[in-house]
Structures are given as C-alpha cells and as structure tokens.
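Visitor: I am new to this structure and would like to learn how to read it. Could you walk me through a few features, one at a time?

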Amino acid sequence: MSTLKSAFLQAISERGYIHQCTDLDGLDAVFAGTPVPAYIGFDCTADSLHVGSMVPIMLLRRLQQAGHKPIVLMGGGTTKIGDPSGKDTARQMLTDADIARNMAGIRSVFEKFLSFGDGPTDAIMINNDDWLNGLSYVAFLRDYGRHFSINRMLTFDSVKLRLEREQPLSFLEFNYMILQAYDFLEINRTYGCRLQMGGSDQWGNIVNGVELARRVDGAEIFGLTAPLITTASGAKMGKTAQGAVWLNEDRLSAYDYWQFWRNTEDADVGRFLKLFTDLPMEEIRRLEALRGAEINDAKKILANEATRLCRGEAAAQEAEETARKTFEQGRSGDALPSVEVEAAALSDYAVIDAMVATGLAASKGEARRLIKQGAVKLNDAPLADTEAKLAPAQAADGQIKLSAGKKRHALVKVR
C-alpha cells in the first residue's frame with residue numbers, strides 16, 4: 001500500500017479498515033481537499049442493526065472525525081428486493097409497513113455515532129425508496145440496464161456462490177446489484193458523493209456503481225471495502241449461541257452488550273480496540289501488548305469504550321459495576337437481565353419459564369437441555385431438576401439469581 005496523505009485514509013489504514021479500493025491513490029488525492037461526501041447503505045431487514053454492522057458504522061464515524069461528510073443510506077427501496085450477497089436463500093419479503101417500522105428502529109443508533117445537521121461535515125440520512133419507487137421500469141432498463149453485462153454479473157460472488165450451491169436465485173434478487181449501482185449514480189448526482197464504502201461482500205455491487213457513473217455521466221467516483229470481521233477462532237463477528245448481538249437497547253440490555261465485548265478472545269483484543277473504539281493508537285498498542293491475566297484489563301476497557309459509544313457513559317459504568325459485583329464479589333448487580341414475579345405466584349413459577357423470560361434460554365426446550373448438561377445454577381448452586389420451581393425461601397434480598405454457564409446471569413425479582 002502506497003504512502004497515504006489524507007487523514008481519513010491514514011486513520012482507517014492504521015486501524016485495519018481497508019480491504020479493497022477501486023483506486024486508492026486517486027481517492028487519497030480527493031480526500032486531501034475539501035470535505036468529501038461518502039455513503040454506506042443499510043437495508044431495513046430488522047428493527048435494529050447488530051454488531052456485524054459496527055465496522056461500516058465506525059467507518060462513517062472515522063470519516064466525520066477526519067472532516068468529511070457521512071451519508072447514511074437507508075435501503076427502503078432495496079429492502080423490498082433483498083441483497084443476495086452472502087445468502088444461501090432469498091430473504092423473506094417484507095411489507096411497506098414492516099420496512100417503515102424497521103427503519104424507525106434503526107435510525108436512532110446512528111445518532112450515537114454521528115453528528116447530523118446541515119453543515120459541510122454534518123451527517124445526513126436518506127432513503128433510496130425516494131427515487132427507486134418512482135422508476136419507470138422500461139425506461140430504466142433502456143437507460144441503465146444496457147450498461148450491465150450478464151456474463152460479468154455472473155462472476156460476482158453474490159451470484160456465483162448461490163449458483164455453485166445450487167440454490168435458486170430469483171430474477172428479483174438478480175436486479176439488486178443494478179439498483180445499488182443506480183443508487184451510487186443518484187447520490188453522486190444529488191449530493192456530490194464521491195465514495196461508497198461497505199463490507200467486502202459488497203465489492204461487486206460497489207464496482208458496478210463506480211462503472212455505471214463513469215459510463216453514464218463520465219463521473220470519477222470510488223469504492224472502498226472493509227474486511228468482513230471474524231474472530232480469531234473463525235466465528236462470524238456478532239453471532240453467539242444466544243443469537244445476534246443487537247445495537248438497540250430494547251433488543252439487548254446494556255449489560256449483555258458489555259459482556260459480549262468483555263468476552264472477546266485474547267487474540268482479538270488489539271484488533272477490536274482499533275476497529276470499535278476511539279482510543280488513540282498509542283494506548284491501543286500498550287493494551288494489546290498485555291499478556292496473561294492482564295489482558296482482562298484490556299478487555300474491560302474494550303467493553304467500556306464500545307458500550308459507551310453505543311449505549312452511553314452511564315450504561316457502560318452500570319454494566320461494568322454489575323459485572324464487578326457478579327464476578328468479583330459473587331453478588332448480583334442491578335443491571336442483570338431480570339423478570340419480576342409476585343411473591344404469591346413464586347411457588348408455581350418454573351425455573352425454565354424464568355430462564356426464557358430473562359433471556360438465558362431461547363425456549364423451554366433449550367432451558368431443559370442446559371439443565372440436563374449441568375450448565376444451570378440457582379443462587380450459585382447447581383440445578384439438576386428440569387421441572388424445578390422457585391420458592392420464597394430462595395429469595396435473598398428480594399431476588400433469586402439464575403446462571404447459565406459461567407458468564408451469563410439473570411435475576412428473578414420478587415415483588
């Protein structure tokens with residue numbers, strides 16, 4: 001990689017965000033001048049993003065920190081089709097009402113990471129349904145479809161992998177890359193956007209947009225992708241046995257979010273500090289050099305910094321204090337996931353129901369399996385009876401502690 005001059009590319013290169021770029025030297029020259037608008041698209045397939053979206057979110061944050069303009073593109077239009085990239089099967093079709101509800105849930109998280117407004121470096125949020133929904137299909141195919149080679153489209157991973165696995169790819173999904181390419185053209189025309197960023201699985205879609213703008217408008221625009229993040233053990237970032245690690249508070253408690261980062265593998269600590277925190281590189285180098293038990297201090301700092309960005313300072317402090325009480329002092333912290341039960345109803349309340357209600361298990365069947373495996377404790381004592389019910393005598397200070405494994409805990413609070 002050549003020596004970079006612009007502050008933005010220097011920062012993201014040093015922190016490990018760059019995987020591919022259509023023209024790194026050309027982009028570097030563009031970023032050396034006045035504020036540059038750049039965008040990343042987010043489809044609205046759920047009412048919250050998850051940790052797997054944190055790299056693109058942090059890329060937009062780095063962009064703004066370097067004095068440039070982030071554009072958050074909500075895929076209100078493309079969500080109606082579904083991005084086939086990295087998918088074995090077609091996404092479930094969502095209604096307009098579903099998409100609007102999901103978009104509303106996603107919007108709030110960006111305000112934690114970006115500053116929105118009307119200034120030259122203020123972030124803006126736009127919706128591709130504003131231009132895609134009104135397209136005249138025949139005219140669109142005539143004006144833009146002729147610039148796409150089917151032969152070449154079949155070589156992109158989003159299409160090739162699906163076909164190699166002999167999984168059906170609908171014509172509707174096949175259109176996705178054309179519409180995403182058109183998004184880039186439209187955003188360049190309307191907002192002067194020079195760069196689209198995304199995960200490495202978006203490379204083909206991004207390149208199509210760069211080429212379409214060049215062919216149709218003679219525009220010089222750029223594409224840049226970040227590596228898809230996997231853990232040192234090879235697991236997909238943000239996927240746990242309990243499901244996705246959601247960014248929204250109503251989907252995942254601040255304590256569980258903090259714990260996700262606290263449980264980072266030793267080999268990933270330095271990399272994750274670079275990607276997911278604002279700590280200066282000098283401090284990160286000090287932390288990633290820690291060894292043995294001291295690496296746990298770096299993990300706590302990672303958890304605090306990542307949680308502070310997404311959930312706020314107070315939530316990060318409360319989560320850390322709850323973890324300290326729970327793990328270091330053997331007590332129960334107030335921020336643990338909990339369910340409230342009337343004292344009179346406690347004797348009829350099954351442990352498996354409490355586990356489901358507090359999120360320790362996704363279903364009663366899973367709760368029973370955990371108990372049979374010896375992974376469940378009640379007030380720190382092993383529990384073997386899958387049909388066990390709670391009892392008033394178990395409530396110390398008005399609460400009962402449940403644990404699944406060594407690191408997941410919840411409370412039954414008795415009213």
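Guide: Gladly! Let us start with a term: a residue counts as buried under 20% relative accessible area, as exposed over 50%, and as partly exposed in between. Arginine 215 has a relative accessible area of 41%, so this residue is partly exposed. Please keep in mind that this is a predicted model.

Visitor: Which residue does arginine 215 meet in a salt bridge?

Guide: First the general idea: side chains of opposite charge can pair when their charged atoms come close. Here the partner of arginine 215 is glutamate 211, with 3.8 Å from N to O. Both residues belong to helix 11, which spans residues 203–217, and they sit four residues apart, about one turn of the helix.

Visitor: Is glutamate 211 buried or exposed?

Guide: Glutamate 211 is buried, as its relative accessible area is 15%.

Visitor: How many salt bridges are there by this rule?

Guide: The count comes to 21 salt bridges. One of them joins the side chains of arginine 62 and aspartate 278, at 2.7 Å from N to O. Arginine 62 is in helix 3 (residues 54–65), while aspartate 278 is in the loop between helix 13 (269–276) and helix 14 (281–288), so this pair ties together parts that lie 216 residues apart in sequence. Arginine 62 is buried, with a relative accessible area of 5%, whereas aspartate 278 is partly exposed at 25%. A network of salt bridges links Arg61, Arg62 and Asp278.

Visitor: And what are the relative accessible areas of arginine 308 and glutamate 313?

Guide: Those two form a salt bridge as well, their closest N and O atoms being 3.9 Å apart. Arginine 308 is partly exposed, with 28%, and glutamate 313 is partly exposed, with 42%.

Visitor: Now to a helix. Which residues of helix 14 are buried?

Guide: Met281, Ile284 and Leu287 are buried there. Looking down the axis of helix 14, its buried residues fall within an arc of 120 degrees, so they line one face of the helix. Among the parts that cover these buried residues are helix 1 (7–14), helix 13 and helix 15 (295–311).

Visitor: How should I read a pair of aromatic rings?

Guide: Such a pair is described by the distance of the centres and the angle of the planes. This structure holds nine aromatic pairs. In one of them, phenylalanine 8 and phenylalanine 31 have ring centres 4.9 Å apart and planes at 55 degrees, so the pair is tilted. Phenylalanine 8 lies in helix 1 and phenylalanine 31 in helix 2 (residues 24–31), so the pair ties together parts that are 23 residues apart in sequence. Phenylalanine 8 and phenylalanine 31 are both buried.

Visitor: Why do tyrosine 257 and tryptophan 261 count as an edge-to-face pair?

Guide: Planes over 60 degrees apart count as edge-to-face. The rings of tyrosine 257 and tryptophan 261 have planes at 70 degrees and centres 6.2 Å apart, so the pair is edge-to-face. The two are four residues apart in helix 12 (residues 254–262), about one helical turn, and both are buried. Ring pairs also link Tyr257, Phe260, Trp261, Phe272 and Phe276 into a cluster.

Visitor: Which charged end sits over the ring of tyrosine 257?

Guide: That of arginine 311, 4.9 Å from the ring centre. Likewise, the charged end of arginine 251 sits over the ring of tryptophan 246, 4.0 Å from its centre.

Technical notes
Residues are numbered from 1 along each chain as its sequence is written. This is a predicted model: local features need pLDDT of at least 70, side-chain atom pairs count only at pLDDT 80 or more; totals for chains, interfaces and linings use all residues. Side-chain values use heavy atoms; hydrogens and water are left out. A salt bridge is a side-chain nitrogen of Lys or Arg within 4 Å of a carboxyl oxygen of Asp or Glu. Buried means under 20% relative accessible area, exposed over 50%, partly exposed in between (1.4 Å probe, protein chains only). The arc is that of the directions from the helix axis to the C-beta atoms. Contact means heavy atoms within 4.5 Å. Rings of Phe, Tyr and Trp (its six-membered ring) pair if their centres lie within 6.5 Å; planes under 30 degrees apart count as stacked, over 60 as edge-to-face and the rest as tilted. A charge sits over a ring if NZ of Lys or CZ of Arg is within 6 Å of the ring centre and within 35 degrees of the ring normal.
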